[in-house]
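User: Hi! I have a new model open and would like to walk through it with you. Could you load it up?

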Amino acid sequence: MIVNKVFILLNVCFFILGTIFPFIDELVIIEFFFLLPILPIYLVVVLFICIIVKQFRKYSLFYIKSLVPIFVFIISQIVSLNVVENIQKYRCQHTIQEIENYKKINGFYPVNLNKSGIIYSSISNEQYHLEFNSSFLSTDIYSSKTKSWKTNKWND
């Protein structure tokens, strides 16, 4: 009974860590270079141990349960990145409407704009950019000149 509670607690912790990890660049670098390369080794070692012991049936539930937190961790990262990116795109679309309305009223784009998580850059009276960090070392940029989005990755 206590093992099941520990297993549930472990999965909740991995879910919480998985939702936070993608937004802290240092943690993502650690994950990519230290945690992900260990994962296949871990899977092979545990499977090999189960086969050598020749009691795979006895340990198969343990093997499967040991994989669940890893998959929870990875899936929670993918879900959190997609949710945050969609929220930021929605907020940017709303901000674009506000900026265009400001220009219709005043004849020029605002000089400054304070929006949490969104960076506004007024290039001239006729052009501006909106930026937000969409995922690990990736930035989405909206240009009012082209009225389109561009994604800059870490190596751009």
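This is a predicted model: local features need pLDDT of at least 70, side-chain atom pairs count only at pLDDT 80 or more; totals for chains, interfaces and linings use all residues.

User: Let me zoom out. How many helices and strands does the protein have?

Analyst: Four helices and four strands. Going along the sequence, the pattern reads α-α-α-α-β-β-β-β.

User: And what share of the residues is buried?

Analyst: Of the 156 residues, 26% are buried.

User: Switching to electrostatics. How many salt bridges are there?

Analyst: The structure holds four. One of them is between the side chains of Lys-89 and Asp-140, at 3.8 Å from N to O. Lys-89 belongs to helix H4 and Asp-140 to strand E3, so this pair ties together parts that lie 51 residues apart in sequence.

User: Are those two buried or exposed, or something in between?

Analyst: They fall into separate classes. Lys-89 has 26% relative accessibility, so it counts as partly exposed. Asp-140 has 2%, so it counts as buried.

User: What else does Lys-89 do with its charged end?

Analyst: The charged end of Lys-89 sits over the ring of Trp-149, 4.7 Å from the ring centre.

User: Nice. Which residue does Glu-98 form a salt bridge with?

Analyst: Lys-115, with 3.2 Å between the closest N and O atoms. Glu-98 is in helix H4 and Lys-115 is in the loop between H4 and E1, so the link spans 17 residues of sequence. Both ends are partly exposed: Glu-98 has 33% relative accessibility, and Lys-115 has a relative accessible area of 25%.

User: And Glu-100, where is its partner?

Analyst: Glu-100 forms a salt bridge with Lys-147, and their closest N and O atoms are 3.9 Å apart. This pair links distant parts of the chain, with Glu-100 in helix H4 and Lys-147 in the loop between E3 and strand E4 (148-152), 47 residues apart.

User: Why would such side chains pair up in the first place?

Analyst: In general, side chains of opposite charge can pair when their charged atoms come close.

User: OK, aromatics next. How many aromatic pairs are there?

Analyst: Eight aromatic pairs. Take Phe-14 and Phe-73: their ring centres are 6.0 Å apart and the planes stand at 90°, so the pair is edge-to-face. Phe-14 lies in helix H1 and Phe-73 in helix H4 (residues 56-106), so parts 59 residues apart in sequence are tied together.

User: What geometry do Tyr-120 and Tyr-128 have?

Analyst: Tilted: Tyr-120 and Tyr-128 are 5.7 Å apart centre to centre, with 35° between the planes. Tyr-120 counts as buried at 11% relative accessibility, and Tyr-128 counts as buried at 0%.

User: Which residues make up the aromatic cluster?

Analyst: Tyr-109, Tyr-120, Tyr-128, Phe-132, Tyr-142 and Trp-149 form one cluster.

User: Last topic, the surface. Which residues form a nonpolar patch there?

Analyst: Ile-8, Val-12, Phe-15, Ile-16, Ile-20, Phe-23 and Ile-24, with about 610 Å² of accessible area together.

User: Where is Ile-8 placed, and is it buried or exposed?

Analyst: Ile-8 is in helix H1, which spans residues 2-20. With 54% relative accessibility, against a cut-off of over 50%, Ile-8 counts as exposed.

User: Great, thanks for the tour!

How values were computed: Residues are numbered from 1 along each chain as its sequence is written. Side-chain values use heavy atoms; hydrogens and water are left out. Patches are made of residues with over 30% relative accessible area and no salt bridge: like charges are joined within 9 Å, nonpolar side chains (Val, Leu, Ile, Met, Phe, Trp, Tyr) within 5 Å. Accessible areas come from the Shrake-Rupley method with a 1.4 Å probe; for residues, only the protein chains shown count as cover. Helices (H or I, at least four residues) and strands (E, at least two) are DSSP runs, numbered from the N terminus. Buried means under 20% relative accessible area, exposed over 50%, partly exposed in between (1.4 Å probe, protein chains only). Rings of Phe, Tyr and Trp (its six-membered ring) pair if their centres lie within 6.5 Å; planes under 30 degrees apart count as stacked, over 60 as edge-to-face and the rest as tilted. A charge sits over a ring if NZ of Lys or CZ of Arg is within 6 Å of the ring centre and within 35 degrees of the ring normal.
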